[in-house]
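Please walk through this structure by way of a helix pair and the pockets of the model.

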Amino acid sequence: MKRVVFDTDIGIDDAMALLFLHFARDVELQAIVTGFGNASVDSTTRNALYLKEKFGIEAPVFRGATEPIGPSLLRGYPDFVHGRNGLGDIDIPDLGCRAESQPGAQAIVDVVRQYPGEVSIVAVGRMTNVAAALELCPELPQLVQQLVVMGGAFGFNGHRGNVSPVAEANIAGDPLAADRVFTSGLPTTIVGLDVTEEVIMDRAYFDSLRKDAGLAGRFIYDISRYYLAFHESVTGRYACPVHDSSAVAWLLQPDLFTTLDSTIRVATEGIACGQTVWAAPGTRYETNGWDGLPVCGICTAVDSDTLLQLYADTLASAVGKPSR
Ligand code: BDR
Ligand code: CA
């Protein structure tokens, strides 16, 4: 059984990842921590509560970061990708449940302290909440089992940035937080654009989800219309990359990925702000920004077909189960 904290800026693909976790066998979701990113933290928290209510998710929701801790490359919210409400502008009814009173970063610390060595954090938004948790609890790296991050781009498979030529949105939205997290010693695997842009869901895939995956499949179909229209406007293809669910897939089945261990730094200012840079293991450089720092795993390749099958099977397997 994997105990998981999901740190998210829900978001269309975040919602898909949350349902992946919710329906996965052997996952016990301990907390959902929200943050700014795809929409304001008010909107992402409301979206988390909406999913909790609609799908009977037991985990409590904690409101997290409202803004970055350092300079950000990004301004405002990407409503052209996720809609003004973050869920493709579907109707969201009034909700009967509320977020917990404790702040998100404190919730991360509390869950990890409650189950030392057992908790994985899946972080698919800005790294702001995890950086704040490190401030509150400097021994977090020794207590967390695994941090899985969707973020960054390292140039493998020809994939670079999606908000600048070198920067990916989750990292560009709070580069300083990401640099602190990646150099903290937290046992970290980074699932970046190098692999998430290799996993593509197309029209037929969403049609199948709608047909085979019950309420969740129909919900995903509805929220994905906006996301697919955005991607079609950029690529000409009615299909989208699988970002946040790829991080969940790493947690569930890491052997779907090839990884490389490396020191990771993040550019925190200038034209390359938000760029994730890996240092070739064992190489000595003239500069000392790389020496003696802990390493992270970065994903360099993925078995895309098996990942897509895992997602579809996980969602379909839940059909007919109580509260799912
Ligand atoms: C990441 O940015 C957000 O828009 C997505 O939810 C994903 O986490 C992809 O760059
Ligand atoms: Ca996200």
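Axes here are lines fitted to C-alpha atoms, for helices over the stretch in contact, with angles running from 0 to 180 degrees between N-to-C directions, while helices (H or I, at least four residues) and strands (E, at least two) are DSSP runs numbered from the N terminus. The model is predicted, with local features needing pLDDT of at least 70, side-chain atom pairs counting only at pLDDT 80 or more, and totals for chains, interfaces and linings using all residues. Residues are numbered from 1 along each chain as its sequence is written.

The axes of α1 (residues 12-23) and α13 (residues 304-317) come within 9 Å and cross at roughly 65°. Met-16, Leu-19, Phe-20 and Phe-23 of α1 make the contact (heavy atoms within 4.5 Å) with Leu-310, Tyr-311, Thr-314, Leu-315 and Ser-317 of α13.

A pocket is, on a 1 Å grid over the protein atoms alone, an open set of points where a 1.4 Å probe fits, with protein on both sides within 12 Å along at least five of seven lines, and its lining residues have an atom within 4 Å of a point. The second largest pocket is lined by eleven residues, of which Ala-24, Arg-25, Leu-252, Leu-310 and Thr-314 lie nearest its centre, and α13 supplies the largest share of that lining, three residues.

The largest pocket has 34 lining residues, and Val-81, Asn-162, Phe-230, His-231 and His-243 are the closest to its centre. Helix α11 (214-235) gives the most to this lining, with five residues, and α1 is among the elements that each supply at least two.

Notes: Chains lettered and ligands numbered in written order. Heavy atoms only, no water.
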